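Here is a short note to read beside the model you asked about. Keep the picture open and look up each residue as we come to it.

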Number of protein chains: 4
Amino acid sequence: MLIVMEHNASAEQVRRVQETIETMGLQAAPIPGSERTAIGVLGNQGYVDDTAIRNLPGVRECIHVSKPYKLVSRDFHPGATIVEIGDVRIGDGMAPVVIAGPCSIESVDQMMAAARMAKKAGASMLRGGAFKPRTGPHSFQGLGEKGLKMLRQAGDQVGLPVITEVMRIEQLDAVCQYADVLQIGARNMQNFDLLKEVGRLDRPVLLKRGMSATVEEFLAAAEYIVAEGNERVVLCERGIRTFERATRNTLDLSVVPLIREMSHLPIIVDPSHATGLRSLVPVMSKAALVAGAHGVMVEVHPDPARALCDGAQSLDGPAFESLMSELRGLAAYLGHDL
Amino acid sequence: MLIVMEHNASAEQVRRVQETIETMGLQAAPIPGSERTAIGVLGNQGYVDDTAIRNLPGVRECIHVSKPYKLVSRDFHPGATIVEIGDVRIGDGMAPVVIAGPCSIESVDQMMAAARMAKKAGASMLRGGAFKPRTGPHSFQGLGEKGLKMLRQAGDQVGLPVITEVMRIEQLDAVCQYADVLQIGARNMQNFDLLKEVGRLDRPVLLKRGMSATVEEFLAAAEYIVAEGNERVVLCERGIRTFERATRNTLDLSVVPLIREMSHLPIIVDPSHATGLRSLVPVMSKAALVAGAHGVMVEVHPDPARALCDGAQSLDGPAFESLMSELRGLAAYLGHDL
Amino acid sequence: MLIVMEHNASAEQVRRVQETIETMGLQAAPIPGSERTAIGVLGNQGYVDDTAIRNLPGVRECIHVSKPYKLVSRDFHPGATIVEIGDVRIGDGMAPVVIAGPCSIESVDQMMAAARMAKKAGASMLRGGAFKPRTGPHSFQGLGEKGLKMLRQAGDQVGLPVITEVMRIEQLDAVCQYADVLQIGARNMQNFDLLKEVGRLDRPVLLKRGMSATVEEFLAAAEYIVAEGNERVVLCERGIRTFERATRNTLDLSVVPLIREMSHLPIIVDPSHATGLRSLVPVMSKAALVAGAHGVMVEVHPDPARALCDGAQSLDGPAFESLMSELRGLAAYLGHDL
Amino acid sequence: MLIVMEHNASAEQVRRVQETIETMGLQAAPIPGSERTAIGVLGNQGYVDDTAIRNLPGVRECIHVSKPYKLVSRDFHPGATIVEIGDVRIGDGMAPVVIAGPCSIESVDQMMAAARMAKKAGASMLRGGAFKPRTGPHSFQGLGEKGLKMLRQAGDQVGLPVITEVMRIEQLDAVCQYADVLQIGARNMQNFDLLKEVGRLDRPVLLKRGMSATVEEFLAAAEYIVAEGNERVVLCERGIRTFERATRNTLDLSVVPLIREMSHLPIIVDPSHATGLRSLVPVMSKAALVAGAHGVMVEVHPDPARALCDGAQSLDGPAFESLMSELRGLAAYLGHDL
């Protein structure tokens with residue numbers, strides 16, 4: 001850590017900062033400058049909590065050189081994490097995974113049709129939402145546990161592992177009964193209680209980036225889960241909120257290679273939520289793979305025009321088959337067997 | 001609602017949209033244009049769910065004229081809502097309220113000292129956090145129920161109602177036992193389950209705007225609470241996330257008068273979280289009142305340099321007294337008795 | 001256009017809006033709703049200037065169905081524009097173009113070395129900046145016309161067309177003397193005088209998206225150029241400013257397929273400025289091609305560690321050769337001959 | 001400056017950085033850490049150009065402790081700058097200035113009527129645009145030099161100094177002939193050639209913040225002007241672009257007190273462009289004064305409903321008189337004589 005003092009900080013204020021650093025069992029290395037003094041902090045193992053220093057008089061800024069995540073950092077774990085879900089393996093060197101399914105589970109028939117579509121086209125995992133966070137109170141809110149059963153049943157029938165979002169700690173028991181992977185949605189990326197709770201479970205977690213979360217906050221959120229003992233975390237970029245509203249969100253695809261440098265965790269992309277536009281989903285799925293994503297999560301629906309949720313971004317059967325065929329070609333080109 | 005068709009939409013596609021509208025019990029009014037056809041929807045009472053239409057072939061866009069909130073809208077409830085908490089009244093025509101207290105409850109002594117500071121200077125409500133959402137897993141996470149008791153005790157001792165954040169539904173019982181007002185934090189603004197739950201309680205709610213929530217989403221979140229029957233909702237602007245990082249967030253003060261036009265609910269401002277800089281808190285508190293805020297929520301701490309959380313934005317006793325004295329003068333100028 | 005009236009707009013106010021529309025030679029189609037009246041405008045050819053209506057009493061909002069660009073819109077020109085620069089052709093169906101060169105022209109030797117690097121690896125155009133917009137006044141500001149000569153010379157020597165940024169109208173004569181393509185930088189995307197001026201020239205233009213420009217504003221800026229008669233416009237996505245600062249800008253790659261739907265103009269991507277990180281440039285170049293970009297513009301430098309500008313995002317010779325070899329493979333996979 | 005090395009940087013790489021620093025005539029102070037090495041740079045006077053270092057192998061990040069502006073910084077010039085324009089004085093301790101006038105100059109009659117409105121209500125300066133940057137090519141583009149004459153004439157007639165925007169260097173001669181203050185618009189905040197040019201003139205400059213400019217970039221732009229010798233610079237906050245579109249821009253009012261801490265230059269606020277909504281202009285003008293702004297710039301128009309530009313945010317005569325009367329009261333409360 002580097003502590004930058006105010007231009008007009010007194011010698012006494014500098015001394016107090018130095019003493020406080022030493023009280024913390026660390027060493028202080030003052031760097032006098034022509035404009036202001038800076039004080040280097042030495043001897044720390046990992047991130048230093050700056051609470052005791054930041055508020056001292058004369059301190060202008062604390063600049064952290066260590067980051068608020070260590071367990072998920074590639075610096076200390078150069079080897080990649082491969083997350084296994086049944087036969088599916090996600091991570092460096094593995095074939096990219098394709099997770100497909102409807103935004104929300106609507107009925108046994110819809111879920112079964114979607115599962116057959118997904119399986120037939122070659123997806124490796126089935127998704128479906130039972131608890132839906134909706135912006136307004138009068139929209140369809142999901143089928144709850146009834147929906148979970150339909151999802152499980154559909155997955156079993158076609159032979160695909162299933163993933164679904166858990167929004168509250170109290171839903172964990174029910175969701176764990178039915179789902180192979182727990183999804184933490186963008187709105188819950190900083191629901192730290194929930195993160196800790198899933199960190200104590202023996203179940204893979206798909207963690208979506210928050211709508212306005214920086215890469216650093218995203219990795220710090222993953223650190224919460226891993227710190228509790230659950231290392232099977234898959235990250236998911238799903239678009240961030242910016243001034244541009246021509247797409248639903250702004251897909252921040254550059255963070256895929258960046259996060260692969262920074263962390264050993266696998267990362268996938270959700271082009272459906274990121275763009276919100278059906279016609280962009282296939283092309284951005286391919287771009288995601290080329291950018292180094294370990295997979296994509298795509299919304300499909302047997303009848304998008306009648307979907308109760310997010311139909312405008314869902315692919316129908318033929319469109320999804322065509323996408324899968326393109327992805328297979330691309331994966332082969334990239335050296336994988338999809 | 002207005003449905004805009006693609007430039008090259010066929011007559012058949014236009015017809016299908018019209019039929020779908022009529023199936024919904026509404027009327028369709030086609031507006032042929034030189035570039036494309038638009039279709040007006042008539043006869044609806046309030047917001048129309050566009051799911052069935054948005055996904056039809058040939059549809060380019062659905063433009064909503066009605067908004068996804070009605071209960072909280074000033075259009076239909078021109079009279080202002082005044083929220084009462086003990087002797088405190090928040091809303092149009094009332095003296096601005098000042099809520100003060102530490103970011104987090106640390107000990108009986110700290111809480112009592114803060115309560116005395118708040119009371120002595122003239123605050124009308126006491127705040128303190130017992131459950132703390134922290135970005136990284138290794139920071140101080142709050143005292144939990146033990147902290148709630150300290151808050152209640154401190155409030156009772158000095159004679160101030162107390163407010164604290166509730167982060168999970170399971171905390172509601174405990175929090176309701178101790179707190180006069182329930183705070184929903186920015187990270188939970190779209191935790192719809194929690195919103196619905198507090199909507200069923202007979203307890204005032206302070207709803208903070210999410211870090212990347214639009215005004216429309218903010219009001220739609222309040223609608224969730226009111227729709228369940230709880231009309232005692234106070235909104236709170238606390239800064240949004242933008243590209244500018246010189247301040248912790250960007251205080252969006254213009255939404256105060258805007259929301260006062262759009263909604264009948266009271267709105268206050270939290271300059272401490274918005275700016276993150278102690279030196280800006282007093283001046284932005286005053287600006288908030290002049291902008292029409294029904295109050296401010298300010299972080300104070302008996303010893304900010306030793307605060308376990310957010311000390312850099314906390315005022316100490318003398319600074320808070322001086323702020324209160326300025327606010328009193330300003331309130332008197334604005335015609336209120338603070 | 002659709003005009004939305006206030007909830008409490010009077011019949012008189014509605015009538016005044018109708019009359020104003022008719023004065024403009026258009027037809028008004030009122031759509032009374034349960035909450036408010038909307039008024040459709042019919043009979044217009046293209047975008048309607050709403051100045052006369054927007055300010056009338058009782059008007060809440062004017063919603064445009066036609067867009068503020070028509071000449072660059074795919075709706076009215078379904079065929080793609082192919083921009084030819086010497087032997088290079090940019091646009092639908094053409095092999096992706098690779099433009100390479102240093103951020104700024106520093107010397108004859110540097111420019112020649114860069115040109116040889118670019119040519120040897122297989123780039124199809126040479127870039128280099130002679131006039132540099134720099135954030136602070138004390139950084140290197142470019143060599144001006146001396147630099148332009150070096151660029152031209154280097155391009156001629158290796159047989160590559162050259163592109164350089166023009167920042168002011170007065171530079172146009174000099175730049176046109178040396179450059180095959182005129183680049184309009186992000187900071188000048190809304191320098192409308194400059195746009196109009198280059199619109200009157202017979203020289204291809206590369207128009208970069210402004211740092212905070214929406215897709216709609218981007219296309220409207222291109223419309224300025226085309227409206228003056230110059231149809232040889234190539235768009236360039238180079239990242240937008242968002243809250244995320246881990247990359248220099250946020251590369252908004254989804255706009256590539258979106259703009260290809262909306263406009264007939266070619267669009268390329270600049271991953272160097274977008275990410276600001278050398279290690280991300282190759283992977284995002286490939287992702288750009290897969291997303292449908294008609295080319296990429298990449299910063300290369302014979303000795304990035306000694307570059308006077310943006311070295312951190314520049315590739316050296318071996319890195320650029322390796323990128324070109326990857327792009328060739330990818331282009332072949334996509335059906336092109338790079 | 002602090003240089004942060006990569007976790008796995010070699011001793012050789014650290015050594016090369018040290019040597020480079022010493023070549024620059026500065027001292028290097030390595031700070032070895034448990035995770036990575038950092039290197040402090042000592043002995044610099046002001047901002048260090050990091051070009052030569054940033055690109056060296058093994059360097060992760062260069063953190064600047066000095067800022068890219070010094071002349072405009074309060075650190076080195078604690079006394080405030082007071083800008084004088086005729087009898088008007090802008091800056092610390094002066095009565096807040098009110099600049100009023102139409103967005104664009106439309107005719108002699110309109111300009112004269114606006115000038116009389118401004119004068120009668122008590123404004124201290126007159127504004128009006130002769131060259132208008134408009135998003136689309138077919139909107140009204142301003143009257144040019146003819147407009148400048150009308151502005152000058154109107155100002156002379158009522159006895160108010162006049163301010164107008166200059167968009168290009170070639171317009172400088174004409175504008176200087178007619179205007180007392182040169183306005184640099186938001187789109188030109190980083191038009192560095194223009195900044196340098198006005199920096200060489202003996203004429204006060206009003207510099208508007210760019211739509212996506214950070215505070216640091218804003219001050220660095222002012223530094224360009226001051227570095228050329230012109231110290232009469234007034235800053236103007238006019239809203240930034242964020243995800244929120246309920247207002248035209250997001251007025252970032254907190255930067256007013258922040259900039260007053262950081263710089264000795266005066267700063268005013270433009271609530272008309274910031275909010276884009278007439279009904280918010282008065283209340284945000286008052287909030288601006290309380291936040292410490294040295295003045296406000298407000299759009300007024302004799303007949304907003306017929307304005308050729310930005311009528312929706314313009315005040316008419318009675319509204320402006322009422323605002324001025326409120327501002328007078330507020331200024332008196334704040335201890336000034338408006």
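1. First, the ground rules. This is a predicted model, in which local features need pLDDT of at least 70 and side-chain atom pairs count only at pLDDT 80 or more, while totals for chains, interfaces and linings use all residues. Residues are numbered from 1 along each chain as its sequence is written, chains are lettered from A and ligands numbered from 1 in the order in which they are written, and side-chain values use heavy atoms, with hydrogens and water left out.

2. Let us start with chain A and chain B. Two copies of a chain are related by a rotation about an axis and a shift along it.

3. Chain B gives 44 residues to the contact and chain A gives 45, where contact means heavy atoms within 4.5 Å. Because 100% of the interface residues of chain B are also interface residues in chain A, the copies meet through the same surface.

4. How much area do chain B and chain A bury between them? The value is about 3,600 Å², with 46% of it on carbon and sulfur atoms; buried area is the accessible area (1.4 Å probe) that two parts lose on being put together, summed over both. The interface holds 3 salt bridges (a side-chain nitrogen of Lys or Arg within 4 Å of a carboxyl oxygen of Asp or Glu). One salt bridge joins the side chains of A:E217 and B:R241, at 2.6 Å from N to O.

5. Chain D also meets chain A. Each of these two chains brings 26 residues to the contact, and about 2,400 Å² is buried between them, 59% of it from carbon and sulfur atoms. On the side of chain D, the three residues D:E35, D:V65 and D:F243 supply 23% of the area buried against chain A, more than any other three. There are 2 salt bridges between these chains, and the side chains of A:R60 and D:D75 meet in a salt bridge at 3.8 Å, N to O.

6. A 180° rotation with 0.0 Å of shift superposes chain D on chain A, with an RMSD of 0.0 Å. D:F243 is the residue of chain D that comes closest to the rotation axis, at 2.0 Å for its C-alpha. The same surface serves both copies, since 100% of the contact residues of chain D recur in chain A.

7. The whole structure has 17 cavities of 30 Å³ or more. A cavity is a set of points on a 1 Å grid over the protein atoms alone where a 1.4 Å probe fits but cannot get out, and lining residues have an atom within 4 Å of a point. The largest cavity holds about 440 Å³ and has 27 lining residues, with A:A186, A:R187, B:A186, B:R187 and B:S212 nearest its centre. The second largest cavity has a volume of about 340 Å³ and is lined by 20 residues, among them C:R187 and D:S212.

Definitions and conventions
1 Å grid on protein atoms, 1.4 Å probe; cavity = no way out; pocket = protein on both sides within 12 Å on 5 of 7 lines; lining within 4 Å. Points joined across faces, edges and corners; volume = space filled by probe spheres on them. Least-squares fit on C-alpha atoms with pLDDT ≥ 70 in both.
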